Structures are given as C-alpha cells and as structure tokens.
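Me: Could you take a close look at one part of this model for me, the second chain and how it packs? I'd enjoy a connected walk through it.

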Amino acid sequence: MIIDVLLILMAISVLILMRLRNLFAAVVLLGIYSFLMATVLVALDAVDVAMTEAAVGAGVSTVLLLGALLLCKSSEAKPVHKPWLPLTVAVSTGVLLVYGAWGLPDFSDPQAPIHQHVAPRYLQNEVDVPNVVTAVLASFRGFDTLGETTVVFTAGAGIIALLRRRQRVDKDRKNGA
Amino acid sequence: MKYDLVLRVVAKLLIPFILLFALYVQFHGDFGPGGGFQAGTIFGAGIIFYGLIFGVDTARSVLPDWVVESMLAAGVLLFAGVGIAGLLLGGNYLDYFVLDKNAVIGQHRGIFWVEAGVFITVAGVMLKIFYMFALRGRPED
C-alpha cells in the first residue's frame, strides 16, 4: 500500500523531470526521487540498500551534479529534434520490463525457485554471522564482492585519469619542463 | 556557504554522528543491516558534507589527496591480501576457514578484513570523485 503511493510519487517526479528545463530544479528533483526510492527499499525491508541509495543517490550524486552545474549553463537548451524515437525506445523497454516482472514469483514467496536453490545452504549459517546478507556477500560470494570492489576502484582510477591530466600539464608548463 | 552560521553550527553538530554511524554500520554489519559498502558511502558523505560547508580545502587538509588516493588502492589490496593469506595458510583463494584454528573464528576474521577493505576503497572513491569535481573549475594550486 505505502509502496504503491511511493511508486506513484516517483512516477510523478519523473514526469515533472521530463518537462523541466531548469537544471538546478532537475538535480533537486533527482534527489527527491532517490529519497523516495530509498523509502521504497526500507518498506521492502532492504535497509542496507536503502542506506546506500540515500547516501549515494540522494547525497553524493546530488553534490556531484551541482558541482557539474557550476561549470555549465543552468538551463537546458531546447532540443532541435522532437524526441519521438528515444521516447518510443524507452517506453517499449519499460513495457517489456513490466511485462517480464509479471512473470516473476510473488514477493517473499518461500516457494520461489531462487529460495530453493542455494539459499537453504546459506541459511544453515555455517559462518555463524547473524546477518545472512553479510555472510553471503563477504564469505559465500567473496569473489563477487572482490570484483565489485575492483569495479569501484576502477571507477575512481578512471575519474583520476580523466580529470587530472590537464592539471599535470599545467604544472609541467609552470616548471618549464 | 562558508559563512552561513546556521549551516556551520548544524554541520558541526551532525558530522561526528554521521561518522560514528558509519563506524557503527561497519562494525555492526555482522548483526544488523550494513557492511563495508554502506559504511564507506556514509563515511564519504560525511566528509563531503564537511567539505561543502567549510570548503573543499578544509576537507582536503583533514584527508589530503595522497591519503585518499592510497585508500583507493589499499582497500582492494587488503581484500585481495585476505585471499592470498588464505592461500598461504593452505586453503583456497578467499577461503576464510583456514584463517584460524577454529573455522568459525576464521570466517569472522576473514569477513572483518574483507569488509574493512570494501569500506576503505568505497570511502576513498567517494572522496576522490568529490575532490576531482569540486576542484575542476579552479586553476592549478
């Protein structure tokens, strides 16, 4: 029930977001969207994902987008073409995903195939960590998490490589090198 | 925002609790919701908040660039190092059972260090991206 209300609010914020030309308002609205998403995740009992969504989606990325706004104009230019093709692609992808979601088992259905495969083994809890999510992420799927950490590292390294080169060149020029 | 009294006072009140909450999420992750990734983002967000209110340079004097850049790599190396420790102690890569004579304690030890690695890398990346974006429009210092 509360999830439906939140999802409707999210849909409304996306519709407003589409019409906005003022980028500052768009950034703030994106933050609101992320907080709504975080609330949906809390309602689904995924508190850890909600924490990440609130901290990254609503917090850090809003700050980064505002930082980017400082460097460019604060309102979006009118598009030259009518966006019919992208709109069709986006809407048909969305319809397909919703159609696919109907085929999924019910939420928290214990008979769902995913709960019959390796989940019982996880729940035997030979790791003896009360929070099963931590046990699964850090121990059972350690390789997976190592890969994720490497992805995060790569993102940081990529940002450094992209944004620092110009400063380095300037410094070299200053030193007469 | 540097000279806004209300923001400065509220930030000073809130930031210790944000950082403490990050540590709570990190070390209580075995029992409640949370873990290295969540704690890292919260910690990073706390420092970024500090940088927003008191200026990026103040944040950079708390956590200088070289610390943040080392954090980036140190976390992944710590994570991978736990795996190699497992190899050296006679198990498979990322096998925590061999980290202690008692298998369960070995698991706890492995999970602790692995989560610490995730925390360090995630917090470092958050801060590094923020520093990079915030200093982008500024001439070289």
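Reply: Chain B has five helices and zero strands, where helices (H or I, at least four residues) and strands (E, at least two) are DSSP runs numbered from the N terminus. This is a predicted model, in which local features need pLDDT of at least 70 and side-chain atom pairs count only at pLDDT 80 or more, while totals for chains, interfaces and linings use all residues. Residues are numbered from 1 along each chain as its sequence is written, and chains are lettered from A and ligands numbered from 1 in the order in which they are written.

The C-alpha atoms of chain B fill a box of roughly 55 × 35 × 15 Å along the principal axes. Of its 141 residues, 43% count as buried (20 or more other C-beta atoms within 10 Å of a residue's own, with C-beta atoms placed from the backbone).

Now to the packing. A nonpolar core is a set of buried Ala, Val, Leu, Ile, Met, Phe, Trp, Tyr and Cys residues joined through C-beta atoms within 7 Å. The largest one has 58 residues, and B:Val122, B:Ala123 and B:Met126 are among those touching the most other members. H5(B) gives this core its largest share, 16 residues. Leaving aside neighbours within four places in sequence, B:Ala123 is in contact with B:Gly40, B:Phe43, B:Gly44 and B:Met71 (contact: C-beta atoms, placed from the backbone, within 7 Å).

Turning to the partner chain, the contact takes 46 residues from chain B and 40 residues from chain A. H5(B) again supplies the largest share of chain B's side, 19 residues.

How values were computed. A residue is buried if 20 or more other C-beta atoms lie within 10 Å of its own, exposed if 12 or fewer, and partly exposed in between; C-beta atoms are placed from the backbone. Two residues are in contact if their C-beta atoms, placed from the backbone, lie within 7 Å.
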